[in-house]
Amino acid sequence: MTITDWPRTAADPDPDSAPSVAVSGTREPVSQAPGTVSDAPDFASETESGTGTETSPERLTGSQKWAAGAIVIAALALAGIGLYLSFEHVAVFAHKELRFSTLDKGRLFAVGVDVGIMVMIAVDLLMAWLKRPISWIRYPVWLLTAATVVLNAASGAPKGRAWELLDYIAAGAHGVVPVLFIMVVELGRTSIDRIVRPDQAERDSIPWLRWVLAPVATARIFRRMRLWGVTSYPEMIRRDQDLIAYEQWLKRKHKGDISQASEDELLPMKMAPYGYTVAEALAMPDKQEQAAQEREEEAERRRLDAATRGEVARAESEAERLRAKGKVEAVRAEVDGQTGQARAHARAQVSAAERAAALEQEALDQAVMAEARAREAEAERKEAQEREAAAEADLRAAELERQAAEKRKEAAEADRIAAAEAQAIETRTIAEAREAAAEANRRAAETEKAAAETRRAAAEATRKKLEEDRRQEAALADIARAKKEAAEAERAAAETRRAAAENERRAVEIEDEAKLTSRQRAVRRVARMALAAGLVPDGLAYDDIQHELCERISIADVQREFDVSSTDTASKYRQEAVVLIADGYRP
């Protein structure tokens, strides 16, 4: 096998190492071609903690638990020692040098710093145990620990003389216990994290010997591992070997002039600083073309989806339009039905008013004719009564005349006898006869007087009868006049009803042309009812119009007219009719 057999990867990736991850998190490793260029030896890598890569068992044994408990007790003892050693130095230094007014306040400052460190350490360990570690919390802990170390060292600094070697050693000794405590805490945190998350990938550490032998190249490898998320040190070494081998292959292919290589062939060198392997860089053009094709396909699919959605939207819009048209037709049919009913009702009202007016006129004519016939019959009756009274009076007068004639006849006869007797003898009998004649004359005079009195009484009775007849005629005339006035009033009422029916019919036609709703029609009808009932709104205020309308149109009238059972609806009709009339509505 020669070096010109490229392209093949320098070495297969370590199966135990994690794949590389780009910064964007979207690039996936490309499949590698088989074969190797060089037989690179396997590096004995270590994890960053230096404990190997094998995972620990999930559950601790009894001895391991005892060992963990002893470690925790020792760590707590170390923490207590550190707090004890640093507390007094920090408190005194804070009081004297940091201008805390009293020693107690300096001690509170030292307690606050130590308690803050312990609280953040406890939270860090607890969250690591709960598999929710907070990565940034360790940095404030380190900062406060460093501050404690500096304060402890500053408290032991010499005053009034230069620093000597022993002074530096003493200052460093003040920071040994806090640094040891932080190291123990970090060790405990890492241990807890490995226990609760055994499947988490562990990052390899670079052997210290490489740092000594090639510090610059090792620093570059360390940077690339951290920057591009490569956790396996052997994988990083193999990537460098692949890149070096590929570059040598290009030089051999182009006879040492690598500038003659195409842009695609130079991609591994250009993309290596960005975490790409040789295979991934060489596959990038095909992958980009595939991605572009996929984008074109996705754009075409989106265009087709948009066209489909547009067609669906148009179909739905057409269906909605048809549904709306159907609703409009239904409403139009309903309004036409209501309009037809209103027109038929108005026509029926007009016809009924006309028939009522005709019947009332006919009844009035019949009443007038009956009254005329009654007056004629009464006149004939009165005339017959008058003739009968006159005949009776004439009969009584004739009877009186007859009686008077008889009396005169008797008197004449008596006179004749008296004369005869007088001629014969003047006797006492003649005198008596004369006396009897005189008595007869007296009686005749009385009878004549009685006849005259009777004729006077008859004449008085006739006069009274005539006066009574005249009063009856006047009463009948008043009755006839009242009936005529009532008939005229009824005719006027019929005319008013006919005019109201005609107004109602015109109002219905106007409402039909305006295409008003049934509620608006009802409100206008209530207003017309009020106006027809005699409401004159001109010059009245709103409250006066409301009072007058309520006086003339009751809620029961509205319910009966519109066949509604709700008093609230009828009341609202009246209120809206008041507003309508106040706004100037006149049918």
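Visitor: How does the lining of the largest cavity divide by class?
Guide: It's a predicted model, and in it that lining has 8 nonpolar, 4 polar and 1 charged residues.

Visitor: How much space lies in there?
Guide: About 140 Å³ lies in the largest cavity. Of its 13 lining residues, Leu 83, Asp 114, Ile 117, Pro 178 and Phe 181 are the closest to the centre.

Visitor: Which elements give two or more residues to that lining?
Guide: Those are helices H1 (62–96), H2 (103–129), H3 (138–155) and H5 (176–196). H1 gives the most, with 5 residues.

Visitor: And how many cavities of 30 Å³ or more turn up in the whole structure?
Guide: The search finds 5.

Visitor: OK, new topic. Which residues have the most contacts inside the largest nonpolar core?
Guide: Leu 549, Val 558, Tyr 573 and Ile 581, in a core of 19 residues. Helices H13 (518–532), H14 (542–552), H15 (555–562) and H16 (567–582) each supply at least two of the core's residues.

Visitor: What is Leu 549 in contact with, leaving aside neighbours within four places in sequence?
Guide: Leu 549 touches Ala 530, Leu 535, Arg 574, Ala 577, Val 578 and Ile 581.

Visitor: What's in the second core?
Guide: That separate core has 12 residues, including Ile 121, Ile 137, Val 141 and Ile 182.

Key. Residues numbered from 1 in each chain as written. Predicted model: local features only at pLDDT ≥ 70, side-chain atom pairs only at ≥ 80, totals over all residues. Heavy atoms only, no water. 1 Å grid on protein atoms, 1.4 Å probe; cavity = no way out; pocket = protein on both sides within 12 Å on 5 of 7 lines; lining within 4 Å. Points joined across faces, edges and corners; volume = space filled by probe spheres on them. Helix = DSSP H or I, 4+ residues; strand = E, 2+ residues; numbered from the N terminus. Nonpolar A, V, L, I, M, F, W, Y, C, P; charged D, E, K, R; others polar. Core = buried A, V, L, I, M, F, W, Y, C linked by side-chain atoms within 4.5 Å. Buried < 20%, exposed > 50% of the residue type's maximum accessible area, 1.4 Å probe, protein only. Contact = heavy atoms within 4.5 Å.
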